[in-house]
Amino acid sequence: MADADDIILAELSDDDLVAQMKDDLYDGLREEIEEGTQILLERGWTPYDVLTKALVGGMQIVGEDFRDGILFVPEVLLSANAMKAGMAILRPLLAETGAPKQGKMVIGTVKGDIHDIGKNLVGMMMEGAGFEIVDLGINIDVDKYLAAIEDHQPEFLGMSALLTTTMPYMGVVIEELDKRGIMKELPVMVGGAPLNQEFADAIGATQYGRDAAMSAELARALVGQNH
């Protein structure tokens with residue numbers, strides 16, 4: 001493959017440019033992603049297509065390799081940073097063009113846990129899938145989740161945990177939601193490296209998002225059922 005410096009993005013065909021952008025996203029090349037995004041827009045691509053085909057498509061590969069231990073946190077952060085640069089260009093355009101809106105998701109890492117990379121990846125993929133994301137951040141307790149649900153009336157709640165010690169807190173939140181009758185209305189998706197389907201079932205979560213790409217797919221499917 002030619003050295004990145006030798007490649008002139010504007011000279012590539014659409015398909016080659018998208019493939020190159022996926023590589024650049026994987027390598028965390030922020031400026032190249034900005035340039036590629038602009039070129040596709042100038043060629044008449046809709047903001048939604050640029051987002052889903054080039055950026056989300058690229059982040060899907062990053063998310064899978066992160067899950068499989070091929071990529072590590074520093075690389076994922078670089079990729080996420082490059083994706084953000086592309087998103088910054090597309091976000092105002094998406095708002096204007098009325099890209100398909102899927103609904104709102106409140107997301108946060110549970111109490112006692114300060115890991116946010118997986119959560120941020122999910123947030124990005126969800127945003128790419130057309131969801132509005134309300135990111136509460138890290139170390140979120142039951143009351144904060146409840147307040148956010150009341151304030152934002154989301155279509156989904158997403159909880160993330162990276163420590164086996166903080167996983168059970170997800171169950172605490174779900175129990176509280178259930179007590180208040182909120183679980184009947186609000187699907188709750190849980191995710192994070194130490195989780196699995198059995199755990200999600202045991203605590204009564206609606207969905208288990210194995211990875212960021214999968215979470216976005218599941219959320220889309222759920223919204224489809226609810227509408």
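Modeller: Before we start, a contact here means heavy atoms within 4.5 Å. This is a predicted model, in which local features need pLDDT of at least 70 and side-chain atom pairs count only at pLDDT 80 or more, while totals for chains, interfaces and linings use all residues. Residues are numbered from 1 along each chain as its sequence is written, and side-chain values use heavy atoms, with hydrogens and water left out.

Biologist: Understood. Which residues does Gln 207 touch?

Modeller: Gln 207 touches Val 188, Met 189, Val 190, Leu 218 and Leu 222, leaving aside residues up to four places away in sequence. Gln 207 itself belongs to strand S5. Helices (H or I, at least four residues) and strands (E, at least two) are DSSP runs, numbered from the N terminus.

Biologist: Is Gln 207 buried or exposed?

Modeller: Gln 207 counts as buried, because its relative accessibility is 19%. Buried means under 20% relative accessible area, exposed means over 50%, and partly exposed lies in between (1.4 Å probe, protein chains only).

Biologist: In what order do the strands of the sheet come?

Modeller: Five strands form an open sheet in the order S2-S1-S3-S4-S5, with parallel pairing. Strands S2 (131-140) and S5 (207-208) stand at the edges with a single partner strand each, so one side of each has no neighbour in the sheet. Two strands pair if DSSP finds at least two bridges between them.

Biologist: How many bridges join S1 to S2, and how many join S1 to S3?

Modeller: Seven bridges join S1 to S2, and five join S1 to S3. In S2, Asp 135 is the bridge partner of Ile 107. In S3, Met 159 is the bridge partner of Gly 108.

Biologist: And on to S4, what stands opposite Met 159 there?

Modeller: Met 159 stands opposite Val 190 in S4. Four bridges join S3 (residues 156-160) to S4 (residues 188-191), and these strands run parallel.

Biologist: Why is S3 described as largely enclosed?

Modeller: Five of the five residues of S3 are buried, so the rest of the structure largely encloses this strand. Phe 156, Gly 158 and Ser 160 point one way from S3, whereas Leu 157 and Met 159 point the other way. In a regular strand the side chains alternate between the two faces of the sheet. Strand S1 is also largely enclosed, because seven of its eight residues are buried.

Biologist: Which strands does helix H5 lie across?

Modeller: Helix H5 (residues 117-128) lies across S1 (103-110), S2, S3 and S4, at about 170° to S2. Helix H6 (residues 142-152) lies across S1, S2 and S3, at about 160° to S2. Axes are lines fitted to C-alpha atoms, for helices over the stretch in contact, and angles run from 0 to 180 degrees between N-to-C directions.

Biologist: Changing topic: where does H3 bend?

Modeller: H3 bends by about 35° at Val 56. The bend at a residue is the angle between axes fitted to the seven residues ending there and the seven starting there. The 21 residues of H3 (residues 47-67) should span 30 Å at 1.5 Å a residue, and the end C-alpha atoms are 28 Å apart, which agrees. The expected span is 1.5 Å times one less than the number of residues in the helix. Just after H3, Gly 69 has a positive phi of about 75°.

Biologist: What is the phi of Asn 139, and of Gln 153?

Modeller: Asn 139, although not a glycine, has a positive phi of about 60°; Gln 153, also not a glycine, has one of about 45°. Asn 139 is in strand S2 and counts as partly exposed at 37% relative accessibility. Gln 153 is in the loop between H6 and S3 and is exposed, with a relative accessible area of 57%.

Biologist: Finally, how many residues are in the largest nonpolar core?

Modeller: The largest nonpolar core has 45 residues, and those with the most contacts inside it are Leu 40, Leu 51, Leu 55, Met 59, Met 83 and Met 126. H4 gives the most to this core, with eight residues. A nonpolar core is a set of buried Ala, Val, Leu, Ile, Met, Phe, Trp, Tyr and Cys residues joined through side-chain atoms within 4.5 Å.

Biologist: What does Met 59 touch?

Modeller: Not counting residues up to four places away in sequence, Met 59 touches Leu 25, Ser 79, Ala 80, Met 83, Leu 121, Met 124 and Met 125. A second, separate core of 28 residues includes Ala 148, Ile 149, Met 159 and Leu 195.
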